[in-house]
Amino acid sequence: MIRQIDNAFILETDNTAYVFTVIDIGYLEHLYYGRKIRLEDSKTIEALIEKHEFVPGNNNVYNEENSSFTLNDIRLEFSANGKSDNREPFIEVVHADGSRTSDFVFESAKIVNGKIPLSTLPSSYDKGGECSALIITLADRQYDLAVELSYYVFEKCDVITRSAKLINRGKDSARILRFMSMQIDTDRKDMIFTTFNGAWIREMGRVDHELKRGRIVNDSCVGASSSTANPFVMFSEKSTSENSGRAYGFNLIYSGNHTEIAEVSEFGKLRFLSGINPKGFEFCLEPGSEFEAPEAVFTFSDEGFNGMSYNMHRFVSDHILRGEWANMERPVLLNSWEAAYFDITEFKLLRMARKAKSVGIELLVMDDGWFGKRNDDRSSLGDWYPNKRKLPGGVKGLSKKIHDLGIGFGIWVEPEMISEDSDLYRAHPDWAMKVPEKPHSPGRNQMILDLANPEVCTYLVNTLTDLFEIGNIDYVKWDMNRTMSDVYAPSLAPSRQGEAAHRYIMGLYGILDKLTKKFPDILFEGCASGGNRSDLGMLCYFSQMWGSDDTDASERVAIQTGYSYGYPLRTVGAHVSSVPNHQTLRVTPLETRFDVAAFGALGYECNLCDLDTGTLEAIREQISLYKKWRSVFQMGRFYRGENIYDGNTASFNAVSADRSRGVALYYRKLSVPNDQSGTIKMHGLEKDALYRFYNRPFKLDVRMFGDLINMIAPVHVKNGSAVHDLVSKFVKLDGEQEDYTVYGDVLSEAGVHLLPAFSSTGFNSRTRVFPDFSSRLYFAEKK
Ligand code: GLA
């Protein structure tokens, strides 16, 4: 609900309130954001307004008539450069006279129903009646520019979004140097700013910054939202934990260069800004035209980080993801990349597909290597026609054969790229982004297409439409494997090159909009060398993203935990791959690889044809179990366990919407000697309902015990010998079986104390054998 009381605006969701007011000089003073509070009239609002009587020392006042305060020490909803607010501004514009000073004041406000989409960028949506909007117009006192600030209130999921539009009402062009999406000022001095940083194969590492003074900047300037700094960030108090305390989450619906800045001013006020990264950005706003900033999304919860994540997950599910796949269960797939890399042929793919089908996999994805003359990463990007030597029947022929097996068929493409060694480049060298006549810094032997050029965009839409139609494609993995360098769009005038990176993203969105509308049945997965572009902008088109090229289960625990703060885990693809793992050479048990991947959109990415029958049987059982629990894993409410921070163990769980079923993961990185106890909690079940809590019966391989086998073997068995292997085929030990009847509140408050972990002495079927990188899944079913 949105209310106006005199000059104040109160934006309320079910549990939160966001309040600001128009002060005498026409600026917007931010008053409060947090748990819903009672505000009835101007008298009750007065307490929230900051009081000022004089200006400290060398600060400037706004004007003679209002000399009791400085803009430098006020909490603002929108700040500009030049009138002595010396903090990071929301907007910076160069006017025709060369001035960089702006002075935006309140002009009008209107409250309307429903979500108004942005016209140049993707934005959130509502299905009717779920959202109300406040649109504030500000006008510059000195220049003919106006700003429209739109606030959208999504009551049910406790989310508010903001977007901003700059309008040129004058006769002169203005040069935009920065135009952010979100600003919030508070006088809280004690907040923790959390960002999610990483690198290729190390995405989404949680970093907590204690804010004292100055700026902390989380940003990307590589042309994509990046694995270096995801646009999702949080603020919390020191005492906030997973299940209690105040937590704020902020995200941006944008996939290009972005920045999130937390700044503590000289007066101890905290400003947060997010939006397009001003670094390298400049946009010419011609008379009569408008510029839209991406939409920012934010939420608050006083039920800890899990509460905050729940709000974000609901918002992403109901107001970002769209199309048929938004809330549909994802199929279990097999991807050919780590199974065969570029060495794929129809024959090999069909063998894989048959094996896949036999273990219950529902879709085969043909990854890189199928087109042009692509045998490595040095050629053919842009030539999206099949390599007839590898696929004699083309994509169409292979697709038919795969469909005839009764499984779906997916394809890998990297449409935004062009190899120098490609027919496309030979025909259109000017379609690549590069500075004319200057050397280009190489990256994976490829260049980026100039998507600021509408001709290139049309070409891509047509080429891909043909491919998807001819191939009868069910799933598309849309990759993007290099970052921008030597940024220059040949289709733009030299004076417009500051627009290149943003126009590229707008061009990309235009292509994705057309293709996802043309092919609503296709499940699209976004990928950018793993998680180099995992953001809400992409999720407006793609229902999932390949969160990381790292398939090591142990690393994935951390990466998926990172994603889980801002993104529902069914939007993150997660695969079981072979060991030693291709990224880390680490060997983790097959069960751990499955248990971890089961909490994402599950797939396999290994050569099933090389696996022995025992392993295939284990995989078959995993997939059949997953299918029974898929709705809980993918659609359930997700909770991180409190132990997520101890560095060695991790737990998380998901609970079905009706709270009748729950599944939890318990993972330990390194085994701890003589540390028998282990407790697992499961959050979100009905407090007063009785559940059966159990783990899946399983067998232990005797080889895990190495030459300890000789403690019981009647004859000596050499560790690692053929005899050892043979014994392991016939002698299977029972793994521990936990089975209890518990109330929901016992599960969330006290937890279940598990059977003791193996500790050098003694082993029986009531011992939890838990060496390095072990995990278990535990299930709860309402009685
Ligand atoms: C990127 C992706 C991988 C794979 C390769 C193919 O690295 O992240 O999953 O598709 O490209 O070249």
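1. In this predicted model, the bridge partner of I411 in β26 is V476. The two strands concerned, β23 (residues 408–413) and β26 (residues 475–478), pair in the parallel sense, and four bridges link them.

2. Helix α7 (residues 454–471) packs on the sheet and touches β23, β26 and β27 (523–526). The direction of helix α7 makes about 155° with that of β23.

3. The pair β23 and β26 belongs to a barrel closed by eight strands, whose order is β21-β22-β23-β26-β27-β28-β29-β30. Pairing in the barrel is parallel. From one strand to the next, the twist averages 30°.

4. Another helix, α4 (residues 346–359), lies across β21 (333–335) and β22 (363–366). Helix α4 runs at about 155° to β22.

5. Which residues come nearest to the ligand? Of the 13 residues around the ligand, these are D367, D368, R444, K477 and D549. By class, the shell comprises six charged, four nonpolar and three polar residues.

6. For D549, a polar side-chain atom lies 2.5 Å from an oxygen atom of the ligand. In the side chain of D367, an N or O atom is 2.7 Å from a ligand oxygen atom, and for the side chain of D479 the corresponding distance is 2.9 Å. On its own the ligand has 310 Å² of accessible area, of which the protein covers 96%.

7. R444 deserves a separate remark on its backbone. This residue, one of those that come nearest to the ligand, has a positive phi of about 40° although it is not a glycine. R444 is found in the loop between α6 (423–427) and β25 (447–448). For context, most residues other than glycine have a negative phi, and most peptide bonds are trans.

8. Where does the chain contain a cis peptide bond? Such a bond joins V579 and P580, with omega about -5°. P580 lies in the loop that connects β29 (572–577) with α11 (590–597). Strand β29 is itself one of the eight strands of the barrel.

9. A second sheet is open and is formed by six strands in the order β31-β32-β33-β40-β35-β38, with antiparallel pairing. Its edge strands, β31 (637–640) and β38 (739–743), each pair on one side only. With direction ignored, neighbouring strands of this sheet are turned by 20° against each other on average.

10. The bridge partner of N695 in β40 is Y778.

11. Helix α12 (residues 613–635) lies across β31, β32 (649–655), β33, β35 and β40, at about 90° to β33.

Methods. Residues are numbered from 1 along each chain as its sequence is written. This is a predicted model: local features need pLDDT of at least 70, side-chain atom pairs count only at pLDDT 80 or more; totals for chains, interfaces and linings use all residues. Side-chain values use heavy atoms; hydrogens and water are left out. Two strands pair if DSSP finds at least two bridges between them. Axes are lines fitted to C-alpha atoms, for helices over the stretch in contact, and angles run from 0 to 180 degrees between N-to-C directions. Contact means heavy atoms within 4.5 Å. A residue is near a molecule or strand if one of its heavy atoms lies within 4 Å of it. A polar contact is a pair of N or O atoms within 3.5 Å; within protein, one must be able to donate a hydrogen and the other to accept it, and residues adjacent in sequence count only if both atoms are side-chain atoms. Accessible areas come from the Shrake-Rupley method with a 1.4 Å probe; for residues, only the protein chains shown count as cover. Ala, Val, Leu, Ile, Met, Phe, Trp, Tyr, Cys and Pro count as nonpolar, Asp, Glu, Lys and Arg as charged, and the others, Gly among them, as polar.
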